[in-house]
Amino acid sequence: MRPFLASCLGAACTAALALPFAPDAGAAGRPPGPAAARTADLPGSTQSLPVAALGTGAPRPTDRDTAAAPPRTLGLPARAVRPFSLLGVVWEDAGAALHGRVQVRTRATRTGAWSGWQDVQTHNDDAPDLDAAERHDSDVRGSTAPLWVGDSDAVQLRITPQTSHRAPVAVPRGLRLELVDPGSAPPARRSIQGPPTPLGPDATAASAANAALAPIGATEIPALDRTASQADIAAAGGARPAGPTYVGPRPRIVTRAGWGANERLREKSFLYTRPVRAAFVHHSGSGNNYTCAQAPSLIRAMYRFHVKSNHWRDIGYNFLVDKCGTVYEGRAGGVAKPVMGAHTLGFNNASTGIAVLGTFTDTEPPKPALDAVAHLTAWKLGLTHADPRATTQMVSSGGNRYPKGTKVPLHVISGHRDGFTTDCPGNHLYNKLAATRLVAAQLQGR
């Protein structure tokens, strides 16, 4: 683990709090790179607010521009902001960690009532691999998990650093609170049977990646029975084996057009990896206070957070599953194809990442979500002839649990914590994975 650097908390940061808000504040100060070159005039918005010391004056910097003593509490006083629905804290060094407690209060736009203090999950271990293309020429950031708070128009933040020998531990440099408005979903351009309407080039490319499964512009990929799903092996770029095939029935999948992805946000090209040999199951850490009708908005907000705040090329997960069991397409490039994700640092190669929307550290995952994960893995892993009950040997590209080059036997259906030292996907979801493996294998006809 790298040593932790103190946040910049001088008078400039304090003065910045008094400035009027602007969409994606602070973007102009970033070095040019793929993530920094985004068009600012897009549906939805991100307010980026610098974090400062609370209560006492900011610590004096040393000659090395680090704080002589970290403050005991950082954050933002209660203040009105433009409407937002999701938030998270980011910092400059993606290799640093924020040790401490992060809490927020928000004011509901509709009622004007303030929430109680909510904890933000400080360890967000979903990330591109260290040698991934999206880290090249880009200023990838560290961050907490994003937290869904619903329509809000005011916020208060406090960060209490962990103490060591009765003194606060230094925090990462450049802490900022990101407030994300997901924007409204664009009108559905085409249903499965509806007439086609024009698409922009980026939306056309994202949809065309699924052309073997649904028409261009479709808002969903329809479910198929197990027999019909055998044809999807070709869409995955594979060949049918001479013997029996074990592809589970394809679940209904809401496409990026279906959840309203703004395709101008992401990088234009798609990244692919080797054939998928494992699926990593995650929880999003974004809390459970969303309705199924809000799930598309939550995904749009998470997409914007991953791209605009974390500086990734696209949303990190390959698939997302809501509490009602709806499956959503994640990172663009084709749901049947081996799209390189940013979900399990060290093991994004030859794997797919599935995030169940919610936090399952202390809460049981809903049964419809568990059923959806089983159906999705039975289909996706079946396209590359992977047995959900088996283990597979994978090579780490570097992380906090396995050094680069380590050969690791992993379950074909693993939890995030199997490849990285993390609480994800929460004890209650992780403990269900053994049963998920059996159900997925049965759905494949094994």
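**The disulfide and the rings**

Author: Look at the torsion about the S-S bond of Cys292 and Cys324: it is about 90 degrees, so this disulfide is right-handed. Keep in mind that the model is predicted. The two sulfurs sit 1.9 Å apart, and the count for the structure comes to one disulfide. The bond links distant parts of the chain, 32 residues apart: Cys292 is in the loop between strand E13 and helix H6, while Cys324 is in the loop between strands E14 and E15. Cys324 is partly exposed, because its relative accessible area of 45% falls between the 20% and 50% cut-offs. Another cysteine, Cys424, counts as buried at 4%.

Now for the rings. A search of the whole structure turns up two aromatic pairs. One is Trp259 with Tyr303, edge-to-face, with 5.6 Å between centres and 85 degrees between the planes. Trp259 belongs to helix H5 and Tyr303 to helix H6, so the pair ties together parts 44 residues apart in sequence. Both residues are buried. Tyr303 also has the charged end of Arg256 over its ring, 5.0 Å from the centre.

The other pair is Phe280 with Phe347, which is tilted: 6.2 Å centre to centre and 40 degrees between the planes. Phe280 lies in strand E13 and Phe347 in the loop between E15 and E16, so this pair ties together parts 67 residues apart. Phe280 is buried at 0% relative accessible area, and Phe347 is buried at 1%.

Terms used. Residues are numbered from 1 along each chain as its sequence is written. This is a predicted model: local features need pLDDT of at least 70, side-chain atom pairs count only at pLDDT 80 or more; totals for chains, interfaces and linings use all residues. Side-chain values use heavy atoms; hydrogens and water are left out. A disulfide is a pair of cysteine sulfur atoms within 2.5 Å. Helices (H or I, at least four residues) and strands (E, at least two) are DSSP runs, numbered from the N terminus. Buried means under 20% relative accessible area, exposed over 50%, partly exposed in between (1.4 Å probe, protein chains only). Rings of Phe, Tyr and Trp (its six-membered ring) pair if their centres lie within 6.5 Å; planes under 30 degrees apart count as stacked, over 60 as edge-to-face and the rest as tilted. A charge sits over a ring if NZ of Lys or CZ of Arg is within 6 Å of the ring centre and within 35 degrees of the ring normal.
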